[in-house]
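Reader: I would like a close look at a single part of this model. Please keep it brisk.

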Amino acid sequence: MVTPLILDCDPGHDDALAILLAVADPAVDLLAVTTVAGNQTVDKCTVNARRVLSLAGVSEVPVARGADRPLVRRLRIADDVHGTTGLDGPAFTGEPSVPESPHSAHELLVDVLRSRPATIVATGALTNVARLLAEEPSLARNITEIVWMGGSTDRGNIAPLAEANACVDPEAADLVVRSGVPFTMCGLNVTHQALVTDDVLARLERIGTPLARVCGEWMTFFASTYRDLFGFEAPPLHDPVAVARVIDPAIVHCVEANLVIETKGEWTAGATVVDLDGYTGRPPNARIALTLDREAFWNRVVTAITALG
Ligand code: BDR
Ligand code: CA
């Protein structure tokens, strides 16, 4: 069974590989890419999404620009991690060949979901998805599931208790989690199992195509910021983990638990409060990813990049 998919993202190095995985893996049918401000401004993230699809030679997937800021807070970008372009590493000249859709992300999401059910994989702040659910609540029934790279069952990466995608727009994440649409959280606790180690880099190099070379250069840049900022020996490839969960749920093992998003905390806004031990007595409302089948994950990523030629 092929799962129809919409990818809402803020490319971003790991978003870039999430796009490639979603476009090339035969288990999913990528219907649209929508962008949101996060890793960089939405202008830059939109150019980057177009760039990734252009490099992959994919022109039939529309790319639409979404929210340029969170619902209520000021935008905080992650140029320290992703650079001034949002996708630093290899230098590109000229415009990507894939055009931007004349429609906004909101219009495209509405259009696609009016015509058919689809799963949304979100790999940035949940601003676009929250707006969709707030303004078009009847479309919720056509969202099979929202699978989000965001949050953490443990500590954060932009604040002591908050992960970046959650912290950029906690109000949006709160609205989405409370919407009742089936929700899966792939947080740092699982994405930190997807480290781009030297053997992964070697596998990319062995593919030998121009696209794989660009991926290697992106990963080398990403590795340098993760080393300098966080002391990681290898960077975690967060976003493709959420796509992999849709491709084959067995790759990303989840449990059901209650999840709430902290929006009021003076020091903890954006914390994802996951009640794995049932302390609160609140019923499960989300699937929480805990463990990654690393071998199956990297096989899917490498196969996808190879398939794109
Ligand atoms: C998330 O934040 C961004 O920097 C990455 O693209 C990923 O979606 C990890 O915290
Ligand atoms: Ca992202």
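This is a predicted model: local features need pLDDT of at least 70, side-chain atom pairs count only at pLDDT 80 or more; totals for chains, interfaces and linings use all residues.

Which strands do the seven bridges join, and do they run parallel or antiparallel?

Author: The seven bridges join strand 1 (residues 3–9) to strand 2, and the two run parallel. One pairing to look at is Ile6, whose bridge partner in strand 2 is Ala32. Strand 2 itself spans residues 28–35. Seven of its eight residues are buried, so the strand is mostly covered, buried here being under 20% relative accessible area.

Helix 1 (residues 13–24) belongs with strand 1 and strand 2 to a right-handed β-α-β unit. From strand 2 the chain goes on through helix 2 (residues 42–56) to strand 3, and this β-α-β crossover is also right-handed. Strand 3 (residues 63–64) pairs with strand 2 over two bridges, in the parallel sense. There, Val33 stands opposite Val63.

Next, the setting. The sheet is open and has nine strands, in the order 3-2-1-4-5-6-9-7-8. Its pairing is mixed. Strand 3 is an edge strand, as is strand 8 (272–275); each pairs on one side only.

Two helices lie across strand 2, among other strands. Helix 5 (residues 127–135) lies across strand 1, strand 2, strand 4 (118–122) and strand 5 (143–149). Helix 11 (residues 238–247) lies across strand 1, strand 2, strand 4, strand 5, strand 6, strand 7 (252–261) and strand 9. Helix 5 runs at about 150° to strand 5. For helix 11, the angle to strand 5 is also about 150°.

Technical notes. Residues are numbered from 1 along each chain as its sequence is written. Chains are lettered from A and ligands numbered from 1 in the order in which they are written. Side-chain values use heavy atoms; hydrogens and water are left out. Buried means under 20% relative accessible area, exposed over 50%, partly exposed in between (1.4 Å probe, protein chains only). Helices (H or I, at least four residues) and strands (E, at least two) are DSSP runs, numbered from the N terminus. Two strands pair if DSSP finds at least two bridges between them. A crossover is right-handed if, with the strands pointing away from the viewer, the path from the first strand over the helix to the second runs clockwise. Contact means heavy atoms within 4.5 Å. Axes are lines fitted to C-alpha atoms, for helices over the stretch in contact, and angles run from 0 to 180 degrees between N-to-C directions.
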